Protein chains: 2
Amino acid sequence: MSALAELPQLERRTLADTAYEALADLLASGRLAPGDRLSLRQSAAALGVSVMPVREAVSRLVADGVLEVAATRAIRVPIMTAQDFRALAETRMAIEGMAAARTAERRSEADLAAIRRAEAAFRAEAESARPDSAQAVRLNRDLHFAIYAACGLAPLHEIIARLWLKAGPVINLDLRAHPERLLQGFALRRHAEALAAIEAGDGPAAAAALAADIREAAEFIMSRGGLRDT
Amino acid sequence: MSALAELPQLERRTLADTAYEALADLLASGRLAPGDRLSLRQSAAALGVSVMPVREAVSRLVADGVLEVAATRAIRVPIMTAQDFRALAETRMAIEGMAAARTAERRSEADLAAIRRAEAAFRAEAESARPDSAQAVRLNRDLHFAIYAACGLAPLHEIIARLWLKAGPVINLDLRAHPERLLQGFALRRHAEALAAIEAGDGPAAAAALAADIREAAEFIMSRGGLRDT
DNA sequence: GCTAGTGATCTGTGATCACAGTTCGGGTGC
DNA sequence: GCACCCGAACTGTGATCACAGATCACTAGC
């Protein structure tokens with residue numbers, strides 16, 4: 001009988017869960033841009049299910065503020081104002097910086113190894129002859145979350161995941177349109193600083209590196225002027 | 001025609017929104033305790049609607065981690081382990097402390113007046129001859145959120161609201177069972193410290209006061225031993 | 001007396017239908 | 001030629017039905 005105890009709990013995945021992930025991926029990767037509309041029936045048809053699971057997925061995304069239902073009942077990706085985006089960036093700097101500081105102060109050797117691998121993977125892609133921007137976005141995300149996962153606070157990790165979902169459409173839409181920012185590699189410097197701080201166990205330095213990384217990316221996007229003012 | 005522009009956008013409230021608020025209130029006030037099960041059909045009947053709106057509300061609460069669907073497909077309030085609760089309290093100390101520090105550093109006079117009023121209201125209730133614990137819980141919440149609302153970052157405010165929803169069942173269930181903690185009034189001291197720090201514009205002191213308030217409440221509950229270990 | 005099984009009743013999940021309100025294109029009136 | 005209007009096709013929201021699986025009280029079997 002003890003052999004049965006070793007069977008893994010097989011995960012129960014509802015169609016709504018799958019639909020949520022599909023839509024979240026569309027948003028996080030910037031393929032759904034701010035202002036784009038989303039139809040329940042069309043999405044359901046594309047996913048090959050009825051509207052019910054899509055409806056549930058969308059209602060979660062609306063609760064997260066990643067989608068919104070307009071006054072006309074149309075579902076769309078919210079159009080962030082410059083002020084909204086700035087507040088989101090400041091919140092991310094504070095929270096993600098805090099998570100990085102905690103990681104620096106209590107990371108295990110295994111954590112450190114995972115972070116080193118992620119940093120190397122991103123660097124390799126960014127410095128390659130022909131970097132794939134979609135792949136670079138993924139690797140950048142992997143590196144950031146390798147750091148956050150090691151902070152030791154699961155609720156904090158979840159909060160950051162939600163913040164990324166919210167910022168995703170704006171950031172990655174911009175990146176798809178202007179991939180040259182990656183090539184200039186000024187994320188690379190901040191990543192190296194963060195890694196060094198985490199290796200040294202220097203919390204404040206790790207927080208500063210992450211905050212700088214986020215601030216610079218946000219300033220770059222805002223200087224582009226693609227965000228409305230009011 | 002310009003007079004029409006001053007009409008307030010009347011909010012579109014779906015039944016699902018109403019159901020969400022009703023359930024959230026049940027959870028935040030501790031009337032739904034960890035481990036309690038929730039039936040969609042029974043809830044729908046109690047609210048006088050079909051299962052659809054309840055379903056949507058529950059799916060949002062599940063996404064927030066405030067409810068969970070067990071492996072047997074039963075919906076229930078998650079049973080937090082002592083470790084879970086400690087991690088949640090630590091996250092709250094960090095994030096709510098940060099919000100309080102921002103408030104101290106940039107609060108307007110109007111913010112300060114609102115916080116003073118909320119502090120006085122809570123104090124009056126806690127020091128009254130026969131304090132009403134439900135009312136005290138509400139006033140405590142009002143005071144905390146008066147502080148967080150003045151931090152200037154809307155996303156941070158939303159994050160804290162979600163954290164309170166998650167902690168609500170544990171904290172308020174305990175408070176309903178043992179209201180004497182309120183009477184000892186050691187929240188009062190922390191509140192006074194926070195108010196003084198915000199008046200003085202001292203960010204670190206405000207963060208410390210809030211963190212101490214949260215830590216002491218959490219330690220009190222954990223010392224009670226009502227939480228499972230693993 | 002206690003266990004194993006069995007059927008009625010509950011559960012959440014998904015599909016389908018109904019409805020009010022919105023959008024949009026194609027005409028008709030001027 | 002242009003503004004208006006009307007209707008078809010769409011939108012999200014809510015109710016209802018269908019279904020597989022879980023629960024639980026109860027009984028048959030040893």
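This is a predicted model: local features need pLDDT of at least 70, side-chain atom pairs count only at pLDDT 80 or more; totals for chains, interfaces and linings use all residues.
View 1. The domain assignment divides chain A into domain 1, residues 15-76, and domain 2, residues 82-224. Between the C-alpha centres of domain 1 of chain A and domain 2 of chain A the separation is 26 Å. Where the domains are in contact, domain 1 of chain A contributes 14 residues and domain 2 of chain A contributes nine residues.

**View 2. The area buried between the domains.** The size of an interface is often expressed as the accessible area lost when the parts come together. For domain 1 of chain A and domain 2 of chain A, about 930 Å² is buried between them, and 66% of this lies on carbon and sulfur atoms. On the side of domain 1 of chain A, the residues that lose the most area to domain 2 of chain A are A28(A), P34(A) and D64(A), which together account for 40% of what that side buries.

**View 3. The salt bridge and polar contacts.** One salt bridge is counted between domain 1 of chain A and domain 2 of chain A. A salt bridge joins the side chains of R162(A) and D64(A), with an N to O distance of 3.2 Å. Two residue pairs in polar contact, both at pLDDT 80 or more, are also counted between domain 1 of chain A and domain 2 of chain A.

**View 4. The side of domain 1 of chain A that touches domain 2 of chain A.** Helix 1 (residues 15-28) of chain A supplies the largest share of this side, with four residues. By residue class, this side of domain 1 of chain A comprises nine nonpolar, three polar and two charged residues.

Methods:
Residues are numbered from 1 along each chain as its sequence is written. Chains are lettered from A and ligands numbered from 1 in the order in which they are written. Side-chain values use heavy atoms; hydrogens and water are left out. Domain bounds come from an automatic or database domain assignment. Contact means heavy atoms within 4.5 Å. Buried area is the accessible area (1.4 Å probe) that two parts lose on being put together, summed over both. A salt bridge is a side-chain nitrogen of Lys or Arg within 4 Å of a carboxyl oxygen of Asp or Glu. A polar contact is a pair of N or O atoms within 3.5 Å; within protein, one must be able to donate a hydrogen and the other to accept it, and residues adjacent in sequence count only if both atoms are side-chain atoms. Helices (H or I, at least four residues) and strands (E, at least two) are DSSP runs, numbered from the N terminus. Ala, Val, Leu, Ile, Met, Phe, Trp, Tyr, Cys and Pro count as nonpolar, Asp, Glu, Lys and Arg as charged, and the others, Gly among them, as polar.
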